[in-house]
Amino acid sequence: MGLNSIRRIYDHTTEYNIVALEQCRAILLSQFPYMSEKEADDLLLDAGEHSIKPYRPIVIIAEGRDKQVLGVAIASHFIKDNFIFLDFIATNKHRISGGIGGALYERLRDEAHSISAVGVFFDCLTDKREWAVDAAEHKQNLARLKFYEKYGARPLEGFSYDLRRDDESYFYLVFDGLGKKDHLSAQLCKSIVSSILENKAKGKVSDEYVGQVLRSIKGSIALRPFRYIKSEPVESTKASVPADKQIALVVNEGHLIHHVRERGYLESPVRVTSIIKELKKTSIFRDTPAKAYPDSHIEAVHDRQYLKFLKKICAWIGETTTMYGDVFPIRNAARLPKDIELQIGYYCIDTSTPLNANAYKAARGAVNCALTAADVVLGGQPMAYALVRPPGHHAERKYFGGFCYLNSNAVAGHYLSKRGKKVVILDIDYHHGNGQQDIFYHRSDVFTVSIHGDPEYAYPNFTGFTDEIGEGEGEGFNLNIALPKGVEGPAYHKALKKALEAIKKYKPDYLVIALGLDIAKGDPSGTWLLSPDDFAINGKMIAELKLPTLVIQEGGYKNKVLGVNARRFFQGLWEGYYLNEA
């Protein structure tokens with residue numbers, strides 16, 4: 001089975017990654033007979049921990065098209081001196097896996113580049129014939145050092161690292177300077193070697209050995225001259241974002257059909273265009289096509305009769321007409337009008353949300369994008385972004401409004417929860433996320449959190465109050481943080497901190513962000529004053545949760561700054577998740 005993807009595992013608790021790690025364990029035990037089951041378990045347990053250590057574990061896997069693990073690389077990023085130590089590379093000997101080891105090593109080099117590391121270090125048995133156990137081991141050592149020399153990685157010379165250790169073996173310390181460095185200062189070399197021996201050879205070498213090695217470092221330590229290759233080493237990979245560290249971007253390509261050309265209508269196609277234009281200025285996104293999903297996922301959160309109405313009314317209206325509700329049966333909501341035109345008022349919560357032939361089609365496409373992005377996250381990728389319109393967070397179980405027809409983030413949230421996991425939906429739109437509050441108000445498996453303008457003055461006015469905390473099983477699992485007019489960055493960040501603290505206590509498995517960009521200064525639908533820098537701070541704060549994250553676009557209507565604010569939010573989110581690992 002051929003190679004399908006190389007990716008780093010960031011979250012060790014998701015169902016998909018747990019299965020992958022079990023396969024990694026089996027590979028390690030099969031390839032390293034001297035490794036005990038406890039050692040393999042400890043190694044993978046260590047890789048999943050986030051406790052304070054001098055290093056952060058790195059697990060990179062190669063997967064086949066059938067999602068079977070073909071190989072694994074386990075390494076450690078030492079924070080203080082900013083270097084990577086490679087612990088193991090192992091491939092599945094029961095699968096056709098030619099080139100897997102090289103692909104894993106190249107992905108590790110990409111990782112080193114992305115954090116501007118000093119380089120990659122690892123132990124390698126020496127190629128001196130007299131120090132090998134037998135001819136077979138000597139041949140294997142030669143092949144291994146020749147392989148790494150292709151990348152410019154060679155043993156460091158000029159100090160006593162290759163002394164015989166307690167296990168009767170001789171090792172080189174091999175260094176890959178990523179094409180940037182071919183020597184180390186004495187001070188840096190001592191610090192790195194000390195970290196490696198104290199953390200990676202603990203219990204395997206004596207204190208006397210460590211002291212002798214460190215004392216032998218008296219000056220600059222250089223790489224051994226090339227011995228096995230005549231051509232230039234593999235060109236160093238430029239600092240870029242590896243594919244598995246990019247945010248999967250799922251765009252609702254069909255949104256253009258939903259274009260209401262009426263003066264004052266804010267929810268226009270240019271919103272998506274403005275965002276895409278700015279996102280293309282970064283290298284942190286990866287285009288991902290949307291897939292089609294059955295209606296059953298929508299029916300799980302929306303009333304079936306309402307869905308039937310929405311499909312029927314949009315088909316009935318036709319291509320050239322736009323309609324709004326004008327009769328609202330608030331006094332007798334139990335009687336559904338027989339006239340389908342009058343039913344608009346029955347199912348709608350306002351007079352500003354239009355219906356036309358394409359409203360349902362565009363909203364249905366948005367749901368497909370949200371579910372596609374959810375599957376990306378379920379498949380082990382840390383982040384995905386469904387860039388969609390129309391928005392959805394005002395759509396309740398059986399009502400539409402606020403430019404929203406189908407609640408994409410609620411559909412995705414429910415979809416994730418059905419994996420037996422806890423989900424939090426964090427709504428950071430200027431307006432209250434009444435849709436998901438209504439849908440999950442009696443449930444505890446989906447925690448709904450909304451930071452919004454106080455309903456005393458902000459749409460939708462009749463919901464979003466702080467005393468709405470859920471009912472029955474859902475009591476305590478709905479949090480509304482309502483803020484006054486004129487909120488600036490510091491006050492917003494204080495509210496966001498409160499929301500994040502509540503989320504941490506809930507201990508969810510997945511995070512869904514209903515991303516509203518209408519909290520920006522000058523947005524025609526809001527009153528707050530957040531700057532692009534504030535959006536970057538928001539992203540970094542949310543990233544501290546270190547959760548598999550699905551972002552779904554909601555509001556935001558100041559098109560001049562819409563894209564910039566989106567870009568800054570995602571840059572903050574990405575940097576906070578991937579770069580702030582200390």
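Colleague: What is the relative accessibility of Phe 147?
Modeller: In this predicted model, a search of the whole structure finds 30 aromatic pairs. One of them joins Phe 147 and Tyr 148 in an edge-to-face arrangement, with 4.9 Å between centres and 75° between planes. Buried residues lie under 20% and exposed ones over 50%. Phe 147 counts as partly exposed because its relative accessibility is 24%.

Colleague: How many residues apart are Phe 285 and Phe 570?
Modeller: Phe 285 and Phe 570 form an edge-to-face aromatic pair, 5.3 Å centre to centre with 75° between the planes. The pair links distant parts of the chain, since Phe 285 belongs to strand β11 (residues 285-287) and Phe 570 to helix α16 (residues 559-578); they are 285 residues apart.

Colleague: What is the relative accessibility of Phe 570?
Modeller: Phe 285 counts as buried, at 13% relative accessibility. Phe 570 also counts as buried, and its relative accessibility is 1%.

Colleague: Which residue in the turn between β3 and β4 has a positive phi?
Modeller: β3 runs antiparallel to strand β4 (residues 83-91), and eight bridges join them. Within this pairing, Ala 73 stands opposite Ile 89 in β4. β3 and β4 form a hairpin with four residues between them, and the turn residue with a positive phi, about 55°, is Asn 82.

Colleague: How many residues of strand β3 are buried?
Modeller: β3 is paired antiparallel with β2 and with β4. Strand β3 (residues 69-78) is largely enclosed by the rest of the structure, because the number of its residues that are buried is 10 of the 10.

Colleague: Within what arc do the buried residues of α14 fall?
Modeller: The buried residues of α14 are Gly 489, Tyr 492, His 493, Ala 495, Leu 496, Ala 499, Leu 500, Ile 503 and Tyr 506. Seen down the axis, they line one face of the helix, because they fall within an arc of 160°.

Colleague: Which exposed residues does the face of α14 turned away from its buried side carry?
Modeller: The buried residues of α14 pack against β13 (423-427), β14, β15 and α15. The face turned away from the buried side carries the exposed residues Pro 490, Lys 494 and Lys 505.

Colleague: What distance does α14 reach from its first C-alpha to its last?
Modeller: α14 has 18 residues, for which 26 Å is expected at 1.5 Å a residue. The helix is close to that expectation, reaching 26 Å.

Colleague: What is the relative accessible area of Lys 507, the residue that follows α14?
Modeller: Lys 507 lies in the loop between α14 (489-506) and β16 (510-515). Its phi is positive, near 55°, in a residue other than glycine. Lys 507 is exposed, as its relative accessible area is 64%.

Colleague: Over the face of which residue does Lys 546 lie?
Modeller: Lys 546 has a positive phi of about 55° although it is not a glycine, and it is placed in the loop between α15 (532-543) and β17 (549-553). Lys 546 is partly exposed, with a relative accessible area of 26%. At 4.9 Å from the ring centre, Lys 546 lies over the face of Tyr 577.

Colleague: What is omega for the cis peptide bond from Tyr 459 to Pro 460?
Modeller: Pro 460 is in the loop between β14 (446-453) and β15 (478-483). A cis peptide bond also joins Arg 389 and Pro 390, with omega about 0°. For the bond from Tyr 459 to Pro 460, omega is near 5°.

Definitions and conventions. Residues are numbered from 1 along each chain as its sequence is written. This is a predicted model: local features need pLDDT of at least 70, side-chain atom pairs count only at pLDDT 80 or more; totals for chains, interfaces and linings use all residues. Side-chain values use heavy atoms; hydrogens and water are left out. Helices (H or I, at least four residues) and strands (E, at least two) are DSSP runs, numbered from the N terminus. Buried means under 20% relative accessible area, exposed over 50%, partly exposed in between (1.4 Å probe, protein chains only). The expected span of a helix is 1.5 Å times one less than its number of residues. The arc is that of the directions from the helix axis to the C-beta atoms. Contact means heavy atoms within 4.5 Å. Rings of Phe, Tyr and Trp (its six-membered ring) pair if their centres lie within 6.5 Å; planes under 30 degrees apart count as stacked, over 60 as edge-to-face and the rest as tilted. A charge sits over a ring if NZ of Lys or CZ of Arg is within 6 Å of the ring centre and within 35 degrees of the ring normal. Two strands pair if DSSP finds at least two bridges between them.
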